[in-house]
Amino acid sequence: MGLIITLLIIWLVLSILGFAVKGLLWLAVIGLVLFVATGVWGWVKRKAKA
């Protein structure tokens, strides 16, 4: 679970950086997509354990 939380934090930081720096909107989009994908992956793994 620690890996998933770490990845979520990294993707969130990349997204914020992409929105903050002009010309890096693509980084924000990639960060948001990876954030959502990691969240779904963690949710599915958590459901499988229960």
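Me: Helices here are DSSP runs of H or I with at least four residues, strands are E runs of at least two, and both are numbered from the N terminus. Which helix holds serine 15?

Reply: Serine 15 lies in helix H1. The model is predicted, so local features need pLDDT of at least 70 and side-chain atom pairs count only at 80 or more, while totals for chains, interfaces and linings use all residues. Residues are numbered from 1 along each chain as its sequence is written, and side-chain values use heavy atoms, with hydrogens and water left out.

Me: Why is serine 15 called buried?

Reply: Its relative accessible area is 3%. Buried means under 20%, exposed over 50%, and partly exposed in between, with a 1.4 Å probe and protein chains only. Serine 15 therefore counts as buried.

Me: What does the side chain of serine 15 reach?

Reply: The backbone nitrogen of leucine 32, at 3.0 Å. A polar contact is a pair of N or O atoms within 3.5 Å; within protein, one must be able to donate a hydrogen and the other to accept it, and residues adjacent in sequence count only if both atoms are side-chain atoms. Contact in general means heavy atoms within 4.5 Å. Leaving aside neighbours within four places in sequence, serine 15 is in contact with Ala28, Gly31 and Leu32.

Me: What makes threonine 38 buried?

Reply: A relative accessible area of 8% does, so threonine 38 is classed as buried. Threonine 38 lies in helix H2, residues 25-49. The side chain of threonine 38 makes a polar contact with the side chain of tryptophan 11 at 2.8 Å. Not counting residues up to four places away in sequence, threonine 38 touches Ile4, Leu7, Leu8 and Trp11.

Me: How do you know that H1 is roughly antiparallel to H2?

Reply: H1 (residues 2-20) and H2 pack at about 160°, with their axes 7 Å apart. That angle makes the pair roughly antiparallel. Angles under 35 degrees count as roughly parallel, over 145 as roughly antiparallel, 65 to 115 as roughly perpendicular, and the rest as oblique. Axes are lines fitted to C-alpha atoms, for helices over the stretch in contact, and angles run from 0 to 180 degrees between N-to-C directions.

Me: Which residue classes make up the contact of H1 with H2?

Reply: The contact residues divide into 15 nonpolar, six polar and no charged. Among those of H1 are Ile4, Trp11 and Ser15; those of H2 include Leu32, Thr38 and Trp41.

Note on methods:
Ala, Val, Leu, Ile, Met, Phe, Trp, Tyr, Cys and Pro count as nonpolar, Asp, Glu, Lys and Arg as charged, and the others, Gly among them, as polar.
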